[in-house]
Amino acid sequence: RYLLAADIPGVDRKNVEITLEEGVLTVKGERNTGADISEEGYRRRERTHGSFMRQFTLPETVDAGNISAAVRDGVLEIEIPKQDKPEPRKITVS
C-alpha cells in the first residue's frame, strides 16, 4: 500500500475534497482559522486562511476502488492499496 500523510491543522474535514481522475490524485481544501489573544494593554489577532491543492500521479498498480481517507489530530491520511500483479500465463498456439 501507499500512505499519503498531510498536515492540515485547523481544516475541517468538510472543507477537504479528494478526487482521483485519470491516475492523478488531487487533494483540495480551505483553511479558515483565527486566534484572538487579549491581554492587559494589548490585543493580538492572527489569521491563517486560504485554499490549498496538491496533486499526485499514481502508478497503474493502485487499487483505485479501495482508496480511503481519514483525519486524525490534524493529519489527513490517505491509504492507497496496491493491486495484485497479474501472474504471467502461458498461451497455447493452436
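This is a predicted model: local features need pLDDT of at least 70, side-chain atom pairs count only at pLDDT 80 or more; totals for chains, interfaces and linings use all residues.
The protein chain contains six strands and zero helices, giving the pattern β-β-β-β-β-β when read along the sequence. The overall outline is worth a look at this point. Along its principal axes, the C-alpha trace of the protein chain spans about 90 × 20 × 15 Å. The radius of gyration is 21 Å, whereas a compact globule of 94 residues would have a value near 12 Å.

Of the 94 residues in the protein chain, 17% count as buried. The accessible surface comes to about 7800 Å², and carbon and sulfur atoms account for 45% of it. Among contacts between residues at least 6 apart in sequence, 47% join residues that are at least 24 apart. As for charge, the protein chain carries 15 positive and 17 negative side chains, and the centres of these two sets lie 2 Å apart.

Inside the fold, attention turns to the nonpolar residues. The largest nonpolar core has 13 residues, and those with the most contacts inside it are Ile8, Val16, Leu25, Val27, Leu76, Ile78 and Ile80. Strands S3 and S6 are the elements that give two or more residues to this core, and S6 provides the largest share, with three residues. Ile78, one of the residues with the most contacts inside the core, shows what such a neighbourhood looks like. Leaving aside residues up to four places away in sequence, Ile78 touches Tyr2, Leu3, Leu4, Ile18, Leu25, Val27, Ile67, Ser68 and Ala69. Two of these partners, Leu25 and Val27, are themselves listed among the core residues with the most contacts.

Most residues other than glycine have a negative phi. Glu22, however, has a positive phi near 50 degrees. This residue lies in the loop between strand S2 (16–21) and strand S3 (24–39), and Glu22 is exposed, with a relative accessible area of 76%. Asp73 also has a positive phi, near 50 degrees. The position of Asp73 is in the loop between strand S5 (68–72) and strand S6 (75–80). Asp73 is likewise exposed, and its relative accessible area is 85%.

Conventions:
Residues are numbered from 1 along each chain as its sequence is written. Side-chain values use heavy atoms; hydrogens and water are left out. Helices (H or I, at least four residues) and strands (E, at least two) are DSSP runs, numbered from the N terminus. The radius of gyration is taken over C-alpha atoms; the globule rule is 2.2 Å times the number of residues to the power 0.38. Buried means under 20% relative accessible area, exposed over 50%, partly exposed in between (1.4 Å probe, protein chains only). Contact means heavy atoms within 4.5 Å. Accessible areas come from the Shrake-Rupley method with a 1.4 Å probe; for residues, only the protein chains shown count as cover. Lys and Arg count as positive and Asp and Glu as negative; His and the chain ends are not counted. The place of a charge is taken as NZ of Lys, CZ of Arg, CG of Asp or CD of Glu. A nonpolar core is a set of buried Ala, Val, Leu, Ile, Met, Phe, Trp, Tyr and Cys residues joined through side-chain atoms within 4.5 Å.
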